Amino acid sequence: MSGLVLKLGPHERVLINGAVVENGDRRTKLSIVTPNAHILRLRDAIHPDQVNTPVRRVCYVAQLVLSGDADPAEARGQLLRGIEQLSQVLVDFDSRELLTQATTAVLAGENYVALKALRSLLPREERLMSVGAA
């Protein structure tokens with residue numbers, strides 16, 4: 001993650017190499033220059049108790065890589081299998097686009113980009129699950 005720029009809002013928290021850092025009262029821009037630093041915005045984080053749907057499971061694996069809690073090589077296979085499984089259910093054009101972005105990002109080792117694309121599927125999954133429950 002060399003050259004990553006984080007723009008933080010007031011009191012926003014971020015996990016950097018296992019340490020939680022909280023911004024002050026003003027917006028801040030941080031430049032992360034250490035290559036392969038493990039960084040996760042806590043506003044993007046999914047709590048383990050919330051990993052209860054297929055999309056959330058795949059997002060959580062990407063999150064574990066970003067936080068440094070999972071081996072990227074092992075997680076890569078899990079992410080690609082999870083994305084493949086999602087692609088068999090989410091067949092609309094927009095979902096396919098996001099899944100393709102996630103796959104490309106995983107293959108390039110860009111796990112934050114993958115997480116961002118996968119998180120975009122969460123509202124769609126929620127709608128589909130609420131329709132199925134009704």
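Here's a quick rundown of how some of the strands pair up. This is a predicted model, in which local features need pLDDT of at least 70, side-chain atom pairs count only at pLDDT 80 or more, and totals for chains, interfaces and linings use all residues. Residues are numbered from 1 along each chain as its sequence is written, and side-chain values use heavy atoms, leaving out hydrogens and water.

**The sheet**
- Three strands make an open sheet, ordered S3-S2-S5, with antiparallel pairing (strands are DSSP runs of E, at least two residues, numbered from the N terminus; two strands pair if DSSP finds at least two bridges between them).
- S3 and S5 sit at the edges, each pairing on one side only.
- From one strand to the next, the twist averages 25° (axes are lines fitted to C-alpha atoms, and angles run from 0 to 180 degrees between N-to-C directions).

**S2 with S3**
- S2 covers residues 13–16 and S3 covers residues 19–22, and the two are joined by four antiparallel bridges.
- Val-14 has Val-21 in S3 as its bridge partner.
- The two strands form a hairpin with two residues between them, and Asn-17 in the turn has a positive phi of about 50°.

**S2 with S5**
- S2 also pairs with S5 (residues 39–41), again antiparallel, over three bridges.
- Here Leu-15 has Leu-40 in S5 as its bridge partner.
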